[in-house]
2 protein chains.
Amino acid sequence: MPKNSEFIDKLRSSGLRPTKQRLKICEVLFKRDKTFHFTISDLAKNISEQLNQKISLATVYNTVHAFKNKGHLKEISINSSQSYFDTNITHHHHFLDEDTNELIDCDNDVIEKINVKNNLTGKKIKSVEVLIKVASDNQNQK
Amino acid sequence: MPKNSEFIDKLRSSGLRPTKQRLKICEVLFKRDKTFHFTISDLAKNISEQLNQKISLATVYNTVHAFKNKGHLKEISINSSQSYFDTNITHHHHFLDEDTNELIDCDNDVIEKINVKNNLTGKKIKSVEVLIKVASDNQNQK
DNA sequence: CAACAGTTTAGAATAGTTATAATGTAGTTT
DNA sequence: AAACTACATTATAACTATTCTAAACTGTTG
């Protein structure tokens with residue numbers, strides 16, 4: 001479980017000033033032993049409930065984007081109007097439960113390594129992401 | 001190249017009334033020989049320019065969602081605030097060019113069939129989608 | 001501690017999408 | 001073919017997630 005000084009290092013070493021707000025957000029995001037998924041509004045809610053503290057919504061957005069750009073968070077795009085973020089920045093894939101809109105990490109053994117055989121785009125591959133959508137069998141079509 | 005009567009059948013057989021507006025949208029979406037990707041605003045623009053006609057934006061949204069729910073269109077989620085739709089409803093994957101935000105179909109030979117070895121969710125797999133993000137090599141981190 | 005660049009903030013602005021409620025229309029019944 | 005009914009369309013308002021703005025504040029450097 002990282003200490004506060006580790007968060008300061010983490011921020012400094014990625015060129016971000018360790019402000020009070022960013023350190024609070026680090027506590028909420030990186031102080032647990034398990035990684036997890038969240039939306040911006042989840043996070044804002046957690047900050048005010050868990051820490052009993054108020055951080056401007058704009059700052060929450062700024063910080064999450066800064067963390068994402070520095071590689072401390074990953075953004076996962078699902079078919080939804082909201083973005084999900086993931087504190088697990090290792091390479092992995094996801095299940096999306098369409099009944100609950102919940103995102104679930106795939107363990108490494110769920111899918112074999114994906115080999116892109118022909119990249120005809122002439123550009124460099126930045127990432128290869130798999131999303132497995134699941135739902136109850138009796139689920140009606142939307 | 002499908003004729004108008006085929007669109008009427010297509011709509012009727014999926015339980016949608018063949019209205020003037022829906023037939024116009026069918027023309028724009030399904031009358032070409034190639035499949036393509038579009039956003040709602042692309043489509044609205046095409047309708048007014050290509051057909052020199054006005055369809056209410058609400059109707060464009062309703063129709064695209066109806067077509068999607070009936071399986072005539074697929075929705076592709078990329079990391080963006082906008083949704084892309086695809087007239088290619090066969091199973092396939094995508095490249096996303098991060099320089100241009102353009103979506104490019106993967107041919108079947110780009111990726112081997114993906115085998116989900118462990119589905120621990122206890123639910124039925126509805127889809128397995130791969131998104132390969134590409135960019136110029138010299139691209140700066142955002 | 002002065003100076004400055006980076007950060008935070010509340011609130012306004014924006015963009016994409018959905019809801020509303022009145023009007024119109026396709027298909028069915030008589 | 002008139003009447004009926006359920007489904008569609010429409011303009012516009014409302015909503016939601018996100019970004020912008022510009023003023024106030026703060027961490028860092030010299």
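Residues are numbered from 1 along each chain as its sequence is written, and chains are lettered from A and ligands numbered from 1 in the order in which they are written. In this predicted model local features need pLDDT of at least 70, side-chain atom pairs count only at pLDDT 80 or more, and totals for chains, interfaces and linings use all residues, while side-chain values use heavy atoms, with hydrogens and water left out.

Chain B brings 40 residues and chain A 41 residues to their contact, where contact means heavy atoms within 4.5 Å. About 3600 Å² is buried between the two chains, and carbon and sulfur atoms give 49% of it; buried area is the accessible area (1.4 Å probe) that two parts lose on being put together, summed over both. Of the area that chain B buries against chain A, 15% is supplied by B:Lys123, B:Lys126 and B:Lys133, more than by any other three residues.

Six salt bridges are counted between chain B and chain A, each a side-chain nitrogen of Lys or Arg within 4 Å of a carboxyl oxygen of Asp or Glu. One of them joins the side chains of B:Asp99 and A:Lys123 at 2.7 Å, N to O. By class, the side of chain B that touches chain A has 15 nonpolar, nine polar and 16 charged residues. Here Ala, Val, Leu, Ile, Met, Phe, Trp, Tyr, Cys and Pro count as nonpolar, Asp, Glu, Lys and Arg as charged, and the others, Gly among them, as polar.

Strand E6 (residues 124-135) of chain A runs antiparallel to E6(B), and 11 bridges join the two. Strands (E, at least two residues) and helices (H or I, at least four) are DSSP runs, numbered from the N terminus, and two strands pair if DSSP finds at least two bridges between them. Within this pairing, A:Ile132 has B:Val128 in E6(B) as its bridge partner.

The second topic is the DNA. Around DNA strand C there are 20 residues, of which A:Thr19, A:Gln21, A:Arg22, A:Thr59 and B:Tyr61 come nearest; a residue is near a strand if one of its heavy atoms lies within 4 Å of it. Sugar or phosphate accounts for 77% of the atoms of DNA strand C within 4 Å of the protein, and bases for the rest. An N or O atom in the side chain of A:Thr19 is 2.5 Å from a phosphate oxygen of DNA strand C. H4(B) gives the largest share of the surface near DNA strand C, four residues.

Definitions and conventions
A polar contact is a pair of N or O atoms within 3.5 Å; within protein, one must be able to donate a hydrogen and the other to accept it, and residues adjacent in sequence count only if both atoms are side-chain atoms.
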